[in-house]
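Visitor: Hi, could you walk me through this one? I'd like to take it piece by piece.

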Amino acid sequence: MMLSNCLFRSGGCSMLFTNNRCLKQRAILQLKHLVRTHLGADDEAYQCCIQLEDDKGYQGFRLTKKLTKAASKALKLNLKVLVPKILPMRELLRFFISNNLRNKKRHNKTSFGLNFKTGAEHFCIHPGGRAVIDGVGMSLGLSEEDLEPSRMALHRFGNTSAGGFWYVLGYMEAKKRLKRGDRILMMSFGAGFKCNNCLWEVMKNLDDVNVWKDCIDQYPPKSLVNPFMEKYSWINDDYLGFVRFQR
C-alpha cells in the first residue's frame, strides 16, 4: 500500500489540443492515429493495478504479480490494431513472408520481427520505470538511442505518471531531434488495465529547451549508476518490476 510513495514523483504539464483548422499553422504536433485498449472487463487485469483502501481505511496503491501478464496482453492487442495503420505495406509483406519461412523452418533460430522504425522516427515510451522502458524496447527491437529520451526523463524527473510523456518529448525537442515531418510513436500504460498508443507528426522544426533548459547539456550522463543502489538495491527486485515483457 506504500508503493505509490515509492514509485511516483510530483510533476505535470499542460498541452492544448484543438481541431480548429485556423490554428494549424501554430500547431507543433498533429495526431495521426490513436488506439486505446482497455481490459477492464477482465477481473485479473482490473485488480492488478488499482488504488483502494486497506482494512483500516487508509488509501494506497496496489500492484500484483498479474500486472506483467495484463500489460503484455494489452500491448499485443493494441499493436494488432495500430500496426497496420502506421507501418508501410512493404514492411507488413516482409514480416508476413519472413514469418511463414520461420514457421516452415522451425529449427532455424533466426529472429524475424517488425521494424517499427519504418513507421516512426522517434519513440516516446512511458517513463514509468526501468523495467517498462527495457521491456518495451526489447519487444519492439529498439536501440539505446531510441530509448535515450525515456531513460533521461526517468533519470531527471522520475515517474510522473501521464505527465512524463511530455518530459520525454521535451528532451527530444531540447536536443533538436524533432524535424518537420518526423513521426513519434507514443506508448503508454495505466490502471484499468489499459494501453494507449498513438502516432504524432511533427509540424515544424522544434528546438525549444523548455523544462530541460537548466540541465540539457549534462545529458546523457556518462553513467546512469544510482549512488544509492548499494543500500537500496532491493527496489529492483523482480516483484517490484512495473512491467516486464518477453519478446
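Visitor: What is the order of the strands in the open sheet?

Guide: The open sheet has four strands in the order β1-β6-β5-β4, and the pairing is mixed. Its edge strands are β1 and β4 (122–125), each of which pairs on one side only, and the twist averages 15° from one strand to the next. Helices (H or I, at least four residues) and strands (E, at least two) are DSSP runs, numbered from the N terminus, and two strands pair if DSSP finds at least two bridges between them. This is a predicted model, where local features need pLDDT of at least 70 and side-chain atom pairs count only at pLDDT 80 or more, while totals for chains, interfaces and linings use all residues. Residues are numbered from 1 along each chain as its sequence is written, and side-chain values use heavy atoms, with hydrogens and water left out.

Visitor: OK, and how many bridges join β5 to β6?

Guide: Eight bridges join β5 (residues 183–190) to β6 (residues 194–202), and these two strands run antiparallel. Within this pair, Leu185 has Leu199 of β6 as its bridge partner.

Visitor: What else is Leu185 in contact with?

Guide: Leaving aside neighbours within four places in sequence, the contacts of Leu185 (heavy atoms within 4.5 Å) include Leu82, Ile86, Phe116 and Phe123. Leu185 is also among the residues with the most contacts inside the largest nonpolar core, together with Leu79 and Phe193. That core has 33 residues; a nonpolar core is a set of buried Ala, Val, Leu, Ile, Met, Phe, Trp, Tyr and Cys residues joined through side-chain atoms within 4.5 Å.

Visitor: Which element gives the largest share of this core?

Guide: That is α3, which gives nine residues. Helix α3 (residues 67–86) lies across β1, β5 and β6, and runs at about 140° to β1; axes are lines fitted to C-alpha atoms, for helices over the stretch in contact, and angles run from 0 to 180 degrees between N-to-C directions.

Visitor: New topic: is Arg26 buried or exposed?

Guide: Arg26 counts as exposed because its relative accessibility is 68%, where buried means under 20% relative accessible area, exposed over 50%, and partly exposed in between (1.4 Å probe, protein chains only). Arg26 sits in the loop between α1 (3–7) and β1 (29–38).

Visitor: And what separates Arg26 from Met203?

Guide: Their C-alpha atoms are separated by 8.8 Å, although Arg26 and Met203 are 177 residues apart along the chain.
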